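Here are my notes on the model, kept brief. Please read them with the structure open.

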Amino acid sequence: MELVPTLLFMTVWMYCVVATGFAILWYQDRRIQPALLLAIGFGLTALGIALILLRIFVVNDLLRLAGNFAIAASVVCVAHGTLQLIKTRTSIKIWLLLLSLMFPIQYLVISDNNFFHRAVVTGVFIGFIYLFTAFKLIKSTPDNYVIKCLIAAVFGLLGALILLRLLNIGLSEEMSFVEHVEAGNPFILLFVLPSLILANGIFLFLLITTNLVKEKDYLAMHDFHTNLYNRRGFTKAAQSLIAHAKSDESSPISIIALDADLFKQLNDQCGHQVGDNALIVIADAIRSCASEHFICARIGGEEFAILCPSTNVEQAAELYRCISQHLAATPIDGAQDNYRVSLSAGVVAHAKVTHLDQLFHDADKCLYQAKEQGRGCFVAFNSH
Ligand SMILES: Nc1nc2c(ncn2[C@@H]2O[C@H](COP(=O)(O)OP(=O)(O)OP(=O)(O)O)[C@@H](O)[C@H]2O)c(=O)[nH]1
């Protein structure tokens, strides 16, 4: 097989891989909307190049039209996916949408199949998008600045290169795109290879950004010290669980409010670091006794909460006992050997939970009673 068709075939295959990558990324986290646009865009690019390749073997006007429109649509999708990714203002997006119409329009207006005319329009369009992407990347938030600058440099160089090179090809010979492919002109690959590098660049960028977003989401929802949910994460996870839980009289939802006893005393006598160690021991005890379906959180200083689906008061009491036994068996680093941290607890069970706040409030009242009863014990809410 000739060099250029072979390379084009490989390019089609690689575009399919990139498109699949974007599709998977989007499927895993639907909030990353640009990934869907980019998956469609690069899928269409693969289709467009495949149809152009096919035209070498089958001369068919319909194929030509379909190939051209697939490429045109792909550029629109990729341009908008990229711009969404770097969060451009809507006015810029609208302006670029209009500009991206140049691409399909050239196929309607430039009917003479003149490669030079097309090269200029395409070159200006793609070159501009690349340069613009480079500019926006440099101007975007300072996170990952070095990586962004590197990707931006690649975009910028490619933008400039493709403009110059395409103009050069166009000036040197007036041939159609397919004729250039048939003649084995390796510069044809300048149409596709830079886009492929761009696709991979965006893919990497998206991957890095996704991980950063995930990390930020995690930190926003979890307590840094114990790795349990924080108050915000607990509320969100609990609301979602309550909305989907099928609870009834025989399997109600329980909430347990827990508070470490005489924690100030521990801090004052042994230091803040020892208090911190105790918090980790408490979190470990909760984790090792609670089912994986339970939502466990450190909701403030030395306060913890567990939301337990399909759990009645007796089962919640059993969970509290398990945690207490765990704590009774675990010394705290830096405290006296015989010191053990204990928890007071309040529990409420409801067949149908509508207001999490109310449930929390009732559990807190029970916790307060447990403190009054001498600490280290468990009080259940009685609504009757
Ligand atoms: N080491 C450490 N201490 C904390 C942290 N957050 C809150 N505290 C401390 O926890 C203590 C809570 O004290 P209090 O609310 O008086 O409660 P307590 O001493 O546990 O007494 P009771 O709740 O009545 O048993 C305060 O001294 C806080 O400074 C933390 O992240 N690390």
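Which residues line the second largest pocket?

1. This is a predicted model. In it, the second largest pocket is lined by Asp261, Leu262, Gln265, Leu266, Gln269, Cys270, Ala335, Gln336, Tyr339, Arg340, Val341 and Ser342.

2. The volume of the second largest pocket is about 200 Å³. Its lining splits into six nonpolar, four polar and two charged residues.

3. Next, the helix pairs. Helix α11 covers residues 263–270, and its axis comes within 6 Å of the axis of α12. The two axes cross at roughly 135 degrees.

4. On the α11 side, the contact uses Phe263, Leu266, Asn267 and Cys270. On the α12 side, it uses His272, Val274, Gly275, Ala278 and Leu279. By class, the contact of α11 with α12 has six nonpolar residues, three polar and no charged.

5. The crossing of α12 and α13 is right-handed.

6. From α12, the residues that meet α13 are Val281, Ile282, Ala285, Ile286, Ser288 and Cys289. Their partners in α13 are Leu319, Cys322, Ile323, His326 and Leu327. The contact of α12 with α13 counts nine nonpolar residues, two polar and no charged.

Methods. Residues are numbered from 1 along each chain as its sequence is written. This is a predicted model: local features need pLDDT of at least 70, side-chain atom pairs count only at pLDDT 80 or more; totals for chains, interfaces and linings use all residues. Side-chain values use heavy atoms; hydrogens and water are left out. On a 1 Å grid over the protein atoms alone, a cavity is a set of points where a 1.4 Å probe fits but cannot get out, and a pocket is an open set with protein on both sides within 12 Å along at least five of seven lines; lining residues have an atom within 4 Å of a point. Grid points are joined across faces, edges and corners, and a volume is the space filled by probe spheres set on the points. Ala, Val, Leu, Ile, Met, Phe, Trp, Tyr, Cys and Pro count as nonpolar, Asp, Glu, Lys and Arg as charged, and the others, Gly among them, as polar. A crossing is left-handed if the near helix is turned anticlockwise from the far one by less than a right angle, and right-handed if clockwise. Helices (H or I, at least four residues) and strands (E, at least two) are DSSP runs, numbered from the N terminus. Contact means heavy atoms within 4.5 Å. Axes are lines fitted to C-alpha atoms, for helices over the stretch in contact, and angles run from 0 to 180 degrees between N-to-C directions.
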